[in-house]
Amino acid sequence: MKTVSENTCFDGTQGVYTHRSDACACDMTFGLFLPEAAQQGPVPVLWYLSGLTCTHENAMVKAGAQGWAATHGIALIFPDTSPRGEGVANDEAYDLGQGAGFYVNATQNPWTPHFQMWDYITHELTNLINAEFAVDMTRQGITGHSMGGHGALTMAMNLPGRFRSVSAFAPIAHPTTSDWGRKQLTAYLGADEAKWAPHDATLLMREKGFDGPVLIDQGTNDQFLDLLKPEALAEAIAARRQQATFRMQPGYDHSYFFVQTFIEDHIAFHANALYA
């Protein structure tokens, strides 16, 4: 692991690091904010998974999360959204390939050699950060925006006991029935739709739910509402009687201005679970 940069931020440290990934067979970069409290001992962790076209940097710079994480004594992890670099498969479309890993382990060529983002996030990067930094991986929460909200919800429901809390900003909520999903799941996982189900938050909510609190914010003026399908997830939450808060926020779109507005609520929500 190499240090790209470290900056003092709200009396903590915002770092950027790169390392060789065995899962993705390329160099990967991530951001990590450690609050001042980490100088006294391991602190809880909140993962932030970003959306289409993003790198580790988008949320790190635009979300305004570090100040609230410092207040609550929580580390923030900002992974990249896909493998990158020479020899890594790509596509001309922005919603497939580099910048669009969809947090799955690809089984189809040309994606299989590098696009193992599920294993990268849930195993390799988790283990690396646990070994190298003052974090407490027994207290993890996870959140994300758009494609990252999809990843956060699917990881939380597929890995019972791993995360104490999950939240999402405008998640891709029902990808097996959406143009933002069917294309990518076919490309990465093949045409057998049974293999898509573990990566659909609505289907997982119907089948499993989450053993903990859930918070979801969605803007009513989101230009991608028809692709995100929040109503399907809301119906699944209601049918399961899941412990959840689902908020339609009037006037908000899909941008980071939306994320900035409600990030304080989300970090406080996770802090309540992580310090319970």
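Student: How far apart should the ends of helix H4 be, given its 12 residues, and how far apart are its end C-alpha atoms?

Tutor: Keep in mind that we are looking at a predicted model. Counting 1.5 Å a residue, helix H4 (residues 147-158) should span 16 Å, and its end C-alpha atoms are 16 Å apart, so the two agree.

Student: Is H4 enclosed by the rest of the structure or open, and why?

Tutor: Burial tells us that. A residue counts as buried when its relative accessible area is under 20%. In H4, 12 of the 12 residues are buried, so the helix is largely enclosed by the rest of the structure. Among them are Met147, His150, Leu153 and Asn158.

Student: Which residues does Gly209 touch, leaving out those up to four places away in sequence?

Tutor: Gly209 touches Met157, Leu204, Arg240 and Gln242. Met157 is one of the buried residues of H4. As for its place, Gly209 is found in the loop between helix H6 (201-207) and strand S8 (214-219). Its relative accessibility is 6%, so Gly209 counts as buried.

Student: Now the cysteines. How many disulfides does the structure hold?

Tutor: The general idea is that a disulfide is a covalent bond between the sulfur atoms of two cysteines. This structure holds zero disulfides. Take Cys26: it is in no disulfide, and the nearest cysteine sulfur, that of Cys24, is 5.3 Å away. To count as a disulfide, the two sulfur atoms would have to be within 2.5 Å.

Student: What should I look for in the backbone angles? Which residue has a positive phi although it is not a glycine?

Tutor: Asp11 does, with a phi of about 65°. Asp11 lies in the loop between strand S1 (2-9) and strand S2 (12-21), and at 53% relative accessibility it counts as exposed. Ala25 is another non-glycine residue with a positive phi, near 55°. You will find Ala25 in the loop between S2 and strand S3 (26-34). Its 30% relative accessibility makes Ala25 partly exposed.

Student: Which residues are joined by a cis peptide bond?

Tutor: Asn109 and Pro110 are, and omega there is about 5°. Pro110 has its place in the loop between strand S5 (75-79) and helix H3 (117-132).

Student: Last one: what volume does the largest pocket have, and which residues lie nearest its centre?

Tutor: The largest pocket has a volume of about 270 Å³. Its lining is made of 15 residues, and Leu52, Thr53, His145, Phe224 and His254 lie nearest the centre. By residue class, the lining has six nonpolar, eight polar and one charged.

Conventions: Residues numbered from 1 in each chain as written. Predicted model: local features only at pLDDT ≥ 70, side-chain atom pairs only at ≥ 80, totals over all residues. Heavy atoms only, no water. 1 Å grid on protein atoms, 1.4 Å probe; cavity = no way out; pocket = protein on both sides within 12 Å on 5 of 7 lines; lining within 4 Å. Points joined across faces, edges and corners; volume = space filled by probe spheres on them. Nonpolar A, V, L, I, M, F, W, Y, C, P; charged D, E, K, R; others polar. Helix = DSSP H or I, 4+ residues; strand = E, 2+ residues; numbered from the N terminus. Expected span 1.5 Å × (residues − 1). Buried < 20%, exposed > 50% of the residue type's maximum accessible area, 1.4 Å probe, protein only. Contact = heavy atoms within 4.5 Å.
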